[in-house]
Amino acid sequence: MSNDPLLQPYQLKHLTLRNRIIVTSHEPAYPEDGMPKERYRAYHVERARGGVAMTMTAGSASVAKDSPPVFNNLLVYKDEVVPWIRDLTDAVHEEGAAVMIQLTHLGRRTRYDKGDWLPVVSPSHKREAAHRAFPKKIEDWDIERIIKDYADAAERMKAGGMDGIELFATGHLMDQFWSPLTNDLDGPYGGNLDNRLRFTFDVVKEIRKRVGSEFIVGMRYTADEMLDGGLTKEDGIEISRRLANSGFFDYLNINRGHIDTDAGLTDSVPIQGMLNSPHLELAGEIRAATNFPVFHAAKIPDVATARHAVATGKVDMVGMTRAHMADPHIVRKIMEKREDEIRPCVGANYCLDRIYQGGAAYCIHNAATGRELEMPHVIPKAAAKRKVVIVGAGPAGLEAARVAAERGHEVVVYEAANDAGGQIRLTAQSQRRHEMISIIDWRMTQCEKLGVTFHFNQWAEADTLLAENPDVVIIATGGLPHTEVLSKGNELVVSAWEIISGDVKPGKNVLIFDDAGDHPGLQAAEFIASTGAAVEIMTPDRSFSPEIMAMNLVPYMRSLQKENVTFTVTYRLEAVERRGDKLIAKVGSDYGGVSMERVVDQVVVNHGTIPLDDIYFELKPHSTNLGEMSHDQLVKGVSQSVIRNPGGKFQLFRIGDAVSARNTHAAIYDALRLVKNL
Ligand SMILES: Cc1cc2nc3c(=O)[nH]c(=O)nc-3n(C[C@H](O)[C@H](O)[C@H](O)COP(=O)(O)O)c2cc1C
Ligand code: SF4
């Protein structure tokens, strides 16, 4: 048996967990009608199959009608959920993993205009900045009702075959009671700590009456709000002792911080560029103070850090949640001594940011996650070997190369630059976004292992490609910055990419016009502002940088606000003129009737990229499909069979930004779903 600390079993009451790695509760927003149907099940089964000891479902499954879903949460207040839960738990158990679910009432962390349009409740009228609802101050009959709702939901989960439930107290109703900042009640549920904890204990007592003492019940909570006037670490340790000594709980799952603002949430669940495992010490202190089973997750993205967390006794079970979205087979790879093959979580937080925008969680560089019903995590071999030639070694080209090589094809890649990576290589030049380079490095390592041939520094000409005698050619050449958006003066502006790459020196007084609203605009702003220049970011949109999304915006704001960068929304840069050594930026508005000027010495434009597609059009007449990709076949997940030119020599496809400017996930998904059927 292995002596790897991560691979040792753990006894949680009657439940034997097969190793020390878990997926903590998280709502990927995959429910359909509030139910965990096939897609939800397949997502968790994949992680169970990958070897995780326990997968924790939901994340904030809603126990009551007045806790309506804000990110497509599971609705466990409905009886109809039980058979869906049963299907899921049976399937996960069959793969040898334990499975639990997190139950919650969101309190003020939701909106009244969702679900049944009921008022939001909380122990005070104070609103949560993130969800904006002004809550009703909770009454005695609300409290009685919600205690019963929790117990009913717990009973349903037991009936559905769950190994246990976890209660949640981080920004939700339970810790809205705990925190002096959000509890204005007088006794019995407000005032001193005993009173503020009363609701939690009333809930868990009622739950225990229904589910008995054998069923696992855990508590995930913030043990230090890190807010003036909020729960301190000392409070957190005292609460931990009381939870542990109460006899109602089987483990503690430690969070730190507050999640009522984007900034708070990001410090609690850190993203790329932020420290790894920042709250692990606190988890360790609580384990030492309580001598009770402790679980913890917060940016423990790699096996070495996870191993350290367990080996040093800071935690009993280590959560690697986003890490498992990036690679569901982490444990299997550790067991097979293939740790170096684990697809790394790069902290891009595309997954979590999407759910707060109403989308489903997708991993920026694993397009199979959340699509387990259609997309394979392990690529099957093709029936016949073919020769696949790929032009471009950015994320789309490299994913195409990796998947084609996994299929068993002969793969050749041409890349004009001397390195792989395309736009990601530029992105990763910002220290804070350096982790992005692992998207490229992991694929390069895989490709090299699989025998892909690379030709760097080689601008692929049609003749060279034809001489390869390919069966398939995939054009993944990406795009070039597109700045031609003005009625006059396009030649006077520079692109955000030219600033990031260092090709153009920043000016002293700079206007950035950013209507793409994605990372390059703000990366350029950060770079320019760091030189001490005055920077204004302007967009015609109602908010700036909409593609960056909430948590990813936090580090940018922290650096840009410090540098006094200004943000101007709803105005459009229309033209630029030179006047002496200055540039005059002519500014209007899509709303009409506005004409302003800005006097600056540099104008930077971020307007996405325009496809670099000459080679595609040159090759088109030589191909059998004349470049056509059947969308029906692509979406259905079957092989491409379009023939438009029977005399052609190969199939030709175009993917990623070589088609149109999109994001990294789109580029990688293009590649995976095309090439998995080649
Ligand atoms: C898409 C997504 C949804 C999440 N939803 C919840 C939730 O509902 N409840 C919860 O306790 N944690 C939630 N989390 C937080 C995770 O459980 C975990 O604490 C966090 O991702 C940090 O761990 P990691 O760095 O290993 O991912 C969510 C995380 C993600 C990525
Ligand atoms: S999107 Fe980023 S943070 Fe989320 S799982 Fe993928 S790599 Fe990790």
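By class, how many nonpolar, polar and charged residues does the shell around ligand 2 have? The model is predicted, so local features need pLDDT of at least 70 and side-chain atom pairs pLDDT 80 or more, while totals for chains, interfaces and linings use all residues. Residues are numbered from 1 along each chain as its sequence is written, and side-chain values use heavy atoms, with hydrogens and water left out.

The shell has nine nonpolar, two polar and one charged residues, where Ala, Val, Leu, Ile, Met, Phe, Trp, Tyr, Cys and Pro count as nonpolar, Asp, Glu, Lys and Arg as charged, and the others, Gly among them, as polar. Among the residues around ligand 2 are Arg322, Cys345, Cys351 and Cys363, a residue being near if one of its heavy atoms lies within 4 Å. Helix H10 gives the most to this shell, with three residues; helices here are DSSP runs (H or I, at least four residues) and strands likewise (E, at least two), numbered from the N terminus.

Turning to charged pairs, the count comes to 51 salt bridges, each a side-chain nitrogen of Lys or Arg within 4 Å of a carboxyl oxygen of Asp or Glu. In one of them, aspartate 194 meets arginine 242 at 2.5 Å, N to O. Aspartate 194 sits in helix H5 and arginine 242 in helix H6, so the pair ties together parts 48 residues apart in sequence. Aspartate 194 is partly exposed at 46% relative accessible area, and so is arginine 242 at 27% (buried is under 20%, exposed over 50%, partly exposed in between; 1.4 Å probe, protein chains only).

Technical notes:
Chains lettered and ligands numbered in written order.
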